Amino acid sequence: QGQLVESGGGLVQPGGSLKLSCTASGLRFRFSLYRMAWYRQAPGKQREVVARTGGDGDSNTYYSDAVKGRFTISRDDYKNTLTLQMNNLKPEDTAIYYCNGHWIEDYWGQGTQVTVSS
């Protein structure tokens with residue numbers, strides 16, 4: 001049974017940084033095929049995509065306007081990992097962050113809490 005496991009969340013002050021990681025295991029297809037993304041969901045709001053990176057043959061990278069210039073998504077297809085480097089964090093970045101993998105089917109992680117507060 002395939003799964004994605006996130007780590008790296010926590011409490012950080014405004015202006016600080018965090019690095020989230022997502023490790024994939026047991027996927028039906030090889031990790032490099034999957035389009036990988038980070039989503040987040042704040043209390044009372046819908047889940048939204050934060051950043052996305054394509055699989056094999058797709059070099060496109062997407063960032064939402066809210067995080068562009070502050071967050072960086074990257075992947076290591078040898079280690080089956082996805083990361084999100086978050087800099088200059090703001091209180092409005094507070095949310096549960098989810099890792100998603102999509103290739104014919106979808107996988108979701110359990111989420112990791114990020115809280116930005118002084």
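A disulfide is a pair of cysteine sulfur atoms within 2.5 Å. The views below are taken from a predicted model.

**View 1. The disulfide between cysteine 22 and cysteine 99.** The structure holds 1 disulfide. It joins cysteine 22 to cysteine 99, with an S to S distance of 2.1 Å. The two cysteines belong to distant parts of the chain, 77 residues apart: cysteine 22 lies in strand 3 (residues 18–25) and cysteine 99 in strand 9 (residues 95–103). The link of cysteine 22 and cysteine 99 is left-handed, with -75° about the S-S bond. Cysteine 22 and cysteine 99 are both buried.

View 2. Leaving out residues up to four places away in sequence, arginine 40 touches several residues, among them Val50, Ala66, Val67, Phe71 and Ile96. Arg47 is also one of the residues that arginine 40 touches.

**View 3. Arginine 47 over two aromatic rings.** Arginine 47 lies over the face of tyrosine 98, at 3.7 Å from the ring centre. Arginine 47 also lies over the face of tryptophan 108, here at 4.8 Å from the ring centre.

**View 4. The aromatic cluster of Phe29, Tyr34 and Tyr107.** These three residues form one aromatic cluster. Over the whole structure, a search finds 3 aromatic pairs.

Definitions and conventions. Residues numbered from 1 in each chain as written. Predicted model: local features only at pLDDT ≥ 70, side-chain atom pairs only at ≥ 80, totals over all residues. Heavy atoms only, no water. Helix = DSSP H or I, 4+ residues; strand = E, 2+ residues; numbered from the N terminus. Buried < 20%, exposed > 50% of the residue type's maximum accessible area, 1.4 Å probe, protein only. Phe/Tyr/Trp six-rings, centres within 6.5 Å; stacked < 30°, edge-to-face > 60°. Lys NZ or Arg CZ within 6 Å of the ring centre and 35° of its normal. Contact = heavy atoms within 4.5 Å.
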